[in-house]
Amino acid sequence: MNSGASPLLAVKDVTLQYRTHDHLVTATYRVSFDIHRSDRYVILGPSGCGKSTLLKAVGGFIRPVEGEIRLNGAAITKPGPDRVLVFQEFDQLLPWKTVKQNIAFALTASGKMSGREADERALHYIAKVGLTKFADNHPHTLSGGMKQRVAIARGMAMEPAILLMDEPFAALDALTRAKMQEELLQLWDDTKFTVLFVTHSISEAIRIGNRILLLTPHPGQVRGEINSSGNDDVGADGKPFSERIQHLLFEQQVAERSMTHD
Amino acid sequence: MTDARQVLTARPDVTYEVTNTGVGVVERPLSLYQRLANHGGLRKVLVLVVLALIWEVYARWLANDLLFPTFSATIVAFWDAFVTGELIKATWYSMKILFQGYAAGLILAGLLTAFASATRIGADLLEVLTAMFNPLPSIALLPLAMIWFGLGNAGIVFVLIHAVLWSVALNTHAGFRGVSPTWRMVGQNYGLSSFGYVTRILIPGAFPSILTGLKIGWAFAWRTLIAAELVFGANSGGGGLGWFIFQSKNSLEIPSVFAGLLTVILLGLIVENFIFLTAEKMTIRRWGMQT
């Protein structure tokens, strides 16, 4: 439906590099993809494929050495409240603010709204993630899953053009994780926000995404871009969807490894 | 698979009904004695009482008021000096100078840290200066201060600034550098101005370190002040606690010396256990940044 429309976010031939203490590392090499409005776009790849770096580049924290990233046609040069990041780390909430203050802070700091209005919007989104009872708690009194819910509420309260999620459920236990995935999909059903979601879990990618970008590691390059129905269906070739993804991501490595062993 | 069947023991599935009857105690309040024993303050008061008793008994056995007065004599001397207002005046005098030095030290530390956070050369300057001056006891600067500023309060304020400045600047700077990269990114993400970034992310994020710096700075300043007063003595406005101790020694009123020392201890305890502890409880403990 959207194929004719111009994309919300256009990533074109983006090469990203970063410096460690004694190396210059190329994180991604000439990666291109488009995200359309209301997409649940997932970047999937093993560790070292530069997916988090790519997300931070969309966030404006890292400048590409080659290529460009455009949001609604305008090139991204610095971080801004139109692209809100949700991190994997539980410490993304400011511990000196309560749950409500954490969200209201984001709204006032960005100049979106002030005082009362910000509080009301904060409470609205806290209710959306089911934490009304904990609105005046400090983050350290919450469980990991609850903290991530607050972070998601904060991101959504900003009503950004695109929500950037960097493995937000990776540090949670498996049961909480499944529940959070379910909740995220329900929230999406509610407001149809656009989200760019990074993960290294194939099952999570299938569950969350409507479109999945596959990256291979060292440096990250696009291996493919596929649609997901949300279920791990058995395809025409008689293999489950997840196995097909696994094959696409790892077949090359397996081939290389077997060659070196000969 | 046939191997597995031979190795594993076959058992049927089992499920149980779970009820809470017959568990005994699920949750019950502790007895009064247990709760009292868990009270840290109460246990420490008990230790203090025992120490005071030992002091009293030993001093009576020694029976030499010039060397070691009894606990009761010290309390009497303390009470007398308190009632005449002498002790309060001396304490007030010391506190006034202390606050001047502490405040000036904090302002300078703030400026130095701001410069260090803004530029790399500033950071180098701060690190070199603190490395040089932090190990130097403030009291060692006293002879120099006497030459530069004369025998007035300015000399004491100068050594107090030295006592406060380095530890506060060092801890604040370290605190800023230790602010988690995630919080930094959160601050940038929501488009904070650089002033907002410092006041709303960096300072609260570094608050545990800043508070540590303030505490160390206070302790250094307090010890330095008493020592400096012993040397400087009195001037126009009267004398501080150090001077009170020195004077009492000169007139061989040893119980008053002990009373002066007791006052120094009490004030130190009050500031550390009430003012700083309250500040900690209201901030970093409430925020879960320190347990």
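In chain A, strand β8 (residues 195-199) is mostly covered, with five of its five residues buried. The model is a predicted one, and the values reported here are computed from it. In a regular strand, side chains alternate between the two faces of the sheet. Accordingly, A:Val195, A:Phe197 and A:Thr199 point one way from β8(A), while A:Leu196 and A:Val198 point the other way. The residues of both groups are buried.

Strand β8(A) is paired with strands β3 and β7 of chain A. Strand β3 (residues 40-44) of chain A runs parallel to β8(A) and is joined to it by five bridges. Strand β7 (residues 162-166) of chain A is likewise parallel to β8(A), and four bridges join these two strands. The residue A:Val198 takes part in both pairings: A:Val198 is the bridge partner of A:Ile43 and also the bridge partner of A:Asp166. Between β7(A) and β8(A), the chain passes through helix α5 (residues 174-191) of chain A, and this β-α-β crossover is right-handed.

Backbone geometry was examined next. Most residues other than glycine have a negative phi, and most peptide bonds are trans. A:Lys192, in the loop between α5 and β8 of chain A, has a positive phi, near 55 degrees, although it is not glycine. With a relative accessible area of 39%, A:Lys192 is classed as partly exposed, because this value falls between the limits of 20% and 50%.

The loop between β9 and β10 of chain A holds A:His218, whose phi is also positive, near 55 degrees, in a residue other than glycine. A:His218 has a relative accessible area of 65% and is therefore exposed, the cut-off being over 50%. The peptide bond that leads from A:His218 to A:Pro219 is cis, with omega near -15 degrees. A:Pro219 is found in the loop between β9 (211-216) and β10 (221-227) of chain A.

In chain B, a nonpolar patch on the surface is formed by B:Ile265, B:Leu266, B:Leu269, B:Ile270, B:Phe274 and B:Ile275. Together, these residues have about 570 Å² of accessible area. One of them, B:Leu269, is found in helix α13 (residues 254-282) of chain B. The relative accessibility of B:Leu269 is 41%, so this residue counts as partly exposed.

Technical notes: Residues are numbered from 1 along each chain as its sequence is written. Chains are lettered from A and ligands numbered from 1 in the order in which they are written. This is a predicted model: local features need pLDDT of at least 70, side-chain atom pairs count only at pLDDT 80 or more; totals for chains, interfaces and linings use all residues. Side-chain values use heavy atoms; hydrogens and water are left out. Buried means under 20% relative accessible area, exposed over 50%, partly exposed in between (1.4 Å probe, protein chains only). Two strands pair if DSSP finds at least two bridges between them. A crossover is right-handed if, with the strands pointing away from the viewer, the path from the first strand over the helix to the second runs clockwise. Patches are made of residues with over 30% relative accessible area and no salt bridge: like charges are joined within 9 Å, nonpolar side chains (Val, Leu, Ile, Met, Phe, Trp, Tyr) within 5 Å. Accessible areas come from the Shrake-Rupley method with a 1.4 Å probe; for residues, only the protein chains shown count as cover. A salt bridge is a side-chain nitrogen of Lys or Arg within 4 Å of a carboxyl oxygen of Asp or Glu.
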